Amino acid sequence: MTTQLRIRGHRPSLSRRLGWVVLGVFALSMIVPFAWTLSTSLQARESLLRIPPELIPQDPGFDSYRRLTEVMPFGRIVLNSVVVAVVITSLQVLTSAMAGYGLARFEFRGRQAMFMLYLGTLMVPFQVTVVPLFIGMSRIGWVNTLQALIVPSIASAFGVFLFRQYFMQMPMEMEEAAAIDGAGPWRTFWRIAFPFARPAAATHGLLAFMAAWNAYLWPLFIARDEQAMTLPVGLAALHGRFQTDWNVVMAGSVVAVLPVIVVFIAIQKHISEGLLLGGGK
Amino acid sequence: MKQSRTIWALLLVMAIIAAACGSGDATSESTTTTAAGSETTDTSQPETTTTEAAPVDEPAETVSIRYFTFSAAPDHLGDLDAMIAAFNEVHPEITVEVETAPFEEYFSVLQTQIAGGDAPDAFELNFESFVSFAAKGVLAELDVDTSGYYARATEAFALDGTQYALPESYSTVLLFFNQDLFDQAGVDYPTRDWTWADEKAAAEAISALGDTTWGSFAGIQFWEFYKTADQNGCSFFTDGAVSINQPACVEALQYMLDNVNNGLQPTAAEMGGVSDGEMFVNGELGMITTGIWMFGAFEEATFAWDVAVEPGNTQGGSHFFANGVAVSADSESQEAAAEWVSFLTGSPEAAKTRVDAAWELPTLTDAGLYDAYLSQPSPANRQAVLDSLENVTIPPVIERQAEMQDAVNGLLEQAVAGEITAQEALDQAQAAIEELLK
Amino acid sequence: MKWLGSSKRWWVVFLAPSFLLLLVFTVLPIGVAGVLSFFEWDLLTDPEFVGIANFVEISRDERFLDALGHTLTFIVGYVPVVTVVGLVLAVFLKRASRAAGALRVVFFMPVVSAWVAVALIWKWMLNSRFGIVNWMLGLIGIEGPAWLFERGWAMVAVIMASVWKDAGFVMLLFVAGLQAVSPEYIEAAVVDGANAWQAFWKVTFPLLTPTVFLVLIILLINSFQVFEQVWILTEAGPVDSTTVVVEQIVRNAFTFGRMGYAAAMSWVLFAVIFVVTVAQNRLQKRWVHYA
């Protein structure tokens with residue numbers, strides 16, 4: 001529970017109220033696109049996009065969603081996406097937390113170099129490595145498999161960076177106390193450090209899930225048929241070369257976006273309600 | 001320092017691996033055999049799955065081939081399935097697995113698969129990309145009877161006398177016009193005798209109708225430009241030399257620019273992200289030069305419209321966008337793939353399915369196929385599709401095609417923005433293309 | 001950190017899974033791509049060794065240099081703005097109340113959406129005929145530019161759209177980071193007579209600097225590689241005024257069939273990002289406070 005801090009002399013000032021108004025307008029601008037996507041997805045078939053867009057659908061119906069299931073093996077594709085995203089997320093969070101902890105709390109030769117190597121991998125655009133990686137997958141027979149979607153994505157340099165920073169922000173008292181009580185590194189990590197890093201874990205988990213769920217380029221190259229196809233790739237096929245059935249595309253966008261929003265809502269409080277130190281009770 | 005030594009060792013290892021990978025030898029097929037995708041299996045076919053690396057000279061064994069396409073998704077997967085079903089009646093032992101990718105990414109995926117030794121057995125190519133692929137030796141020679149195809153189309157997919165792909169379909173570009181706007185402006189509808197002057201006059205009359213009404217639209221880009229140049233008797237290459245900056249070409253470009261600069265055609269800013277097709281349907285354009293693939297989309301228009309063959313200047317010229325299908329040179333089932341390609345592109349059953357589905361047009365000479373197509377009520381002048389074939393503009397194609405298109409497009413954009421003149425643009429294009437041909 | 005009675009090799013246990021996977025699936029392909037930069041490769045035929053020819057060509061490649069310039073412009077416009085906006089949002093919305101939670105979800109929605117959908121909205125909003133942005137500008141007497149269709153303004157539009165889309169992401173990172181700042185410190189400061197503004201700058205922000213460091217590094221690394229929004233919003237136009245480095249890389253790799261040249265470009269990009277990051281890393285000792 002966060003204590004609501006009352007700062008002496010604080011009254012809702014004009015600037016504060018203005019701040020909330022601006023926030024509100026900003027927030028509205030965030031909702032409108034989603035509302036429009038939703039509205040277009042519920043409209044009856046219309047192959048050209050009208051501009052300006054209409055926010056209220058004229059003839060709302062679930063036609064587009066039905067067509068979505070007809071145009072591709074929808075169930076299987078969604079299942080693939082779910083499996084891939086969940087596995088990647090959990091393994092990414094775990095391995096990154098461990099590695100971040102290792103970089104933050106252990107001293108060893110080459111520690112800084114290793115950290116820079118992690119960072120270095122973030123500096124190369126994926127479009128460049130996709131071809132060598134694909135050739136590698138082809139050589140070990142992993143084309144069109146789920147493991148090809150999962151395994152290369154487990155190591156997360158961003159996650160390691162995130163956790164490292166978070167652990168370096170973490171005061172050492174609790175771990176030192178545990179060490180004095182005789183706990184080894186693993187126990188200290190698992191029982192004390194990792195739970196404390198819940199905000200970081202929740203944040204990374206959310207972002208990892210989002211990235212895995214929305215991944216397009218790699219699955220596009222790897223998947224040949226519904227065995228390994230994920231949702232973004234399936235949805236891309238809806239974009240015709242000359243004309244696009246926008247209603248179905250929007251329906252697909254809604255389906256693609258909803259799980260992530262759900263995950264976000266679920267995870268939210270873990271991000272904003274970390275175990276607080278000073279409390280330490 | 002110890003660290004740098006490790007880094008060098010690592011790089012050395014990678015270099016060795018890269019060299020090994022870079023020798024480009026075909027890799028082993030993936031060991032998993034996939035059962036034919038549920039959408040493509042004909043129920044009358046025996047339930048056997050593929051055999052690995054089936055030797056090509058035993059046609060009785062079941063073979064599975066992969067066919068990669070960009071034109072089938074999203075609207076014509078069902079039609080493709082129908083064609084495969086018809087194919088399986090003649091060749092029950094060949095299973096065709098369909099793979100698709102959106103057009104924007106199609107060639108990236110295809111090239112990467114080829115690089116990884118994982119090329120599909122048969123795949124679609126458009127005319128512009130055909131030359132690069134054929135020249136690099138990744139296509140198998142096709143030894144097929146090509147008598148039923150349009151000669152011009154067959155030639156387009158051959159290199160040095162060898163057939164490397166079979167023409168599959170084509171579309172053309174026509175002049176679409178809004179009959180209601182023409183009536184309002186008191187202008188006669190376009191006819192086959194129209195020239196640029198007639199088109200311009202009509203555009204002026206229609207543009208005068210209002211601030212958000214424009215007379216015509218033709219994109220100022222590579223494809224439109226080479227065709228417009230052709231309509232003025234100029235082509236990019238003449239007798240093996242680059243001739244893009246000849247007066248006739250400059251004149252053609254100037255004509256296109258004048259349309260925009262004189263308000264007969266909306267500028268990109270005026271369009272504001274709305275596509276030309278959408279503007280036409282919204283009744284804002286009197287005429288539009290676009291492809292026959294828009295027939296379906298334009299059904300939504302609330303006004304009367306029709307099509308006509310594009311007017312030329314010194315001669316006629318119309319686009320001929322052809323797609324072909326090739327067999328991979330690395331395929332282990334080349335014969336089976338060739339059978340499929342032959343059927344897909346040349347059989348009457350496939351052609352009929354294609355025409356009925358309005359999935360472009362087959363490149364076959366059998367006139368009977370077109371009856372169903374021509375007898376559809378809208379647009380009324382469907383005959384124009386065939387009429388336009390009388391004066392066909394073949395795209396200029398070189399091996400470094402993408403770079404040429406990119407260079408020309410960039411220069412045309414600058415000309416449209418008014419940053420350089422038409423002459424300057426084409427002079428620079430001349431130099432750029434000569435550079436690419438070295 | 002010293003654990004009583006444990007061997008020194010524990011770091012291997014913690015780092016092995018992540019690091020080994022990284023080596024095999026990320027570092028190795030990067031290395032291969034790096035080696036490729038000394039070749040010309042069209043993906044269809046065998047690679048051809050060309051030594052440093054690619055790098056020489058890059059140094060003379062006007063389009064690449066322009067792209068690099070545009071990328072830097074984007075960074076200068078985007079990074080500071082999105083950091084500040086994200087921080088402000090996080091500070092306003094860091095508590096666990098339902099209202100704050102709901103608003104956080106709202107601000108996160110653009111982050112989650114694909115650029116394809118977001119781009120359509122922005123094109124509509126920036127339309128000079130009926131777009132909302134120019135209409136609002138018109139209310140205060142300014143005639144808005146043609147945004148995506150005008151040199152110079154197009155990049156501004158790309159930056160605005162990017163800030164809008166990513167603010168929620170930055171907000172998220174800061175909300176998480178703010179959790180590690182114990183309210184005790186703030187309470188202590190208030191007791192000593194600080195107002196809200198001072199409490200933030202003197203107490204919260206210094207404790208937040210590791211997160212700020214993280215945010216800046218990530219934003220810099222990502223924005224050097226900006227691609228998707230440029231591709232979708234402006235297609236590198238108008239008249240090539242919004243080309244960026246990764247767009248040149250992709251074009252060369254796949255459209256022009258020059259994989260080796262593209263790899264060389266990514267080496268150059270890598271070098272630039274690396275230098276900037278190392279500089280950041282050195283500087284952090286001056287302003288980042290670790291617990």
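Across the interface of domain 1 and domain 2 of chain B, two residue pairs are found in polar contact, both at pLDDT 80 or more. Sorted by class, the side of domain 1 of chain B that touches domain 2 of chain B holds five nonpolar residues, three charged residues and one polar residue. The model described here is a predicted one.

Domain 1 of chain B covers 63-170 + 321-365, while domain 2 of chain B covers 173-319 + 393-436. Taken over C-alpha atoms, the centres of the two domains of chain B are 31 Å apart.

The meeting of the two domains can also be described by contacts and by area. Nine residues of domain 1 of chain B are in contact with 13 residues of domain 2 of chain B. Between them, the two domains of chain B bury about 930 Å², and 74% of this area lies on carbon and sulfur atoms. Three residues stand out on the domain 1 side: Phe127(B), Glu128(B) and Phe321(B) supply 61% of the area that domain 1 of chain B buries against domain 2 of chain B, more than any other three residues.

Charged side chains take part as well. One salt bridge is counted between domain 1 of chain B and domain 2 of chain B. Elsewhere in the listing of such pairs, Lys136(B) and Glu399(B) form a salt bridge, with 3.9 Å between the closest N and O atoms.

Definitions and conventions. Residues numbered from 1 in each chain as written. Chains lettered and ligands numbered in written order. Predicted model: local features only at pLDDT ≥ 70, side-chain atom pairs only at ≥ 80, totals over all residues. Heavy atoms only, no water. Domains from an automatic or database assignment. Contact = heavy atoms within 4.5 Å. Buried area = accessible area lost by both parts, 1.4 Å probe. Salt bridge = Lys/Arg side-chain N within 4 Å of Asp/Glu carboxyl O. Polar contact = N/O pair within 3.5 Å; in protein donor to acceptor, adjacent residues only side chain to side chain. Nonpolar A, V, L, I, M, F, W, Y, C, P; charged D, E, K, R; others polar.
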